[in-house]
Amino acid sequence: MTSAADPRVGVVMGSRSDWETMEHAAGVLAELGVPHEVRVVSAHRTPDLLFEYAEQAPGRGIQVIVAGAGGAAHLPGMLAAKTRLPVFGVPVQSKALNGMDSLLSIAQMPAGVPVGALAIGRAGAVNAGLLAAAVLALHDPAIAAALDAYRARQTRAVLDQPDPRA
Ligand code: RP5
């Protein structure tokens, strides 16, 4: 798990076991050239660290937080409760309930404390990374160009292979 010198996106997760999912968020940020850091911050096992992270993130230059957790997935919501930075939540696929617990824990926030809830698993992690980049792209032409190129490659990949049997 690596960190840029001046990260602008914080990719956090409730456990090392979430990395298998959250590496896809970090991967897309790396691909787009977005400086980011990766941290394990558990809402339940390290609650003081969670508060500290949320309180210090803006002052360290973090502009968006991508938070993944599974099961009783309180990390994204508690981060959102402690910072006005945009928080995108990734429900990690849990063993017991296949991520439905994670999804509902992240999506069903009370009015006034928003978390942008993504899909369960890899797709959610990739899209959280893309959304974080899209926020930064509003004021960063290099990230905007990288995002446009990513989307163009994706479109081209589909158009170039119209026959799924090939
Ligand atoms: C959550 O509990 C984590 O986000 C993880 O998805 C889940 C299980 O954690 P471990 O027991 O694998 O550390 O807090």
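This is a predicted model: local features need pLDDT of at least 70, side-chain atom pairs count only at pLDDT 80 or more; totals for chains, interfaces and linings use all residues.
User: Where do I start? How many helices and strands does the chain have?

Analyst: Start with the elements, then their order. The chain has six helices and five strands. Along the sequence they run β-α-β-α-β-α-β-α-β-α-α.

User: What does the radius of gyration say about the chain?

Analyst: Compare the value with what a compact globule of that length would give. For 166 residues the expectation is near 15 Å, and the chain has 16 Å, which agrees. Along its principal axes, the C-alpha trace spans about 50 × 40 × 30 Å.

User: How much of the chain is buried, and what share of the contacts joins residues 24 or more positions apart?

Analyst: Buried residues account for 42% of the 166 residues. Of the contacts with a separation of 6 or more, 70% join residues 24 or more positions apart.

User: How do I read a core? Which residues have the most contacts inside the largest one?

Analyst: First the general idea. Nonpolar side chains in soluble globular proteins tend to be buried together. Here the largest nonpolar core holds 47 residues, and Ala25, Val66, Leu75 and Ala132 have the most contacts inside it. Helix H5 (residues 122-137) gives this core its largest share, six residues.

User: Take Val66. What does Val66 touch?

Analyst: Skip residues up to four places away in sequence. Val66 then touches Val9, Val11, Ala25, Phe88, Val90, Ala128, Gly129 and Ala132.

User: Now the ligand. Which residues surround the ligand?

Analyst: List the shell, then sort it by class. The shell consists of Gly14, Ser15, Ser17, Asp18, Ser42, His44, Ala69, Gly70, Gly71 and Val92. By class, that is two nonpolar, seven polar and one charged.

User: What does the UniProt record mark as "binding site"?

Analyst: Treat a record as a record. The unreviewed UniProt entry puts its "binding site" annotation on Ser15, Asp18 and Arg45. These residues are spread over 31 residues of sequence but cluster in space, with a largest C-alpha distance of 14.4 Å.

User: Is Asp18 buried or exposed?

Analyst: Count C-beta atoms within 10 Å; 20 or more means buried. Asp18 has 24 others in that range, so Asp18 is buried. Asp18 sits in the loop between strand E1 (9-13) and helix H1 (19-31). Beyond its neighbours within four places in sequence, Asp18 contacts Met13, Gly68, Ala69, Gly70 and Val92.

How values were computed
Residues are numbered from 1 along each chain as its sequence is written. A nonpolar core is a set of buried Ala, Val, Leu, Ile, Met, Phe, Trp, Tyr and Cys residues joined through C-beta atoms within 7 Å. A residue is buried if 20 or more other C-beta atoms lie within 10 Å of its own, exposed if 12 or fewer, and partly exposed in between; C-beta atoms are placed from the backbone. Helices (H or I, at least four residues) and strands (E, at least two) are DSSP runs, numbered from the N terminus. Two residues are in contact if their C-beta atoms, placed from the backbone, lie within 7 Å. A residue is near a molecule or strand if its C-beta atom, placed from the backbone, lies within 6 Å of it. Ala, Val, Leu, Ile, Met, Phe, Trp, Tyr, Cys and Pro count as nonpolar, Asp, Glu, Lys and Arg as charged, and the others, Gly among them, as polar. The radius of gyration is taken over C-alpha atoms; the globule rule is 2.2 Å times the number of residues to the power 0.38. UniProt positions are given in the numbering used here, feature names are shortened, and annotations may be inferred rather than shown by experiment.
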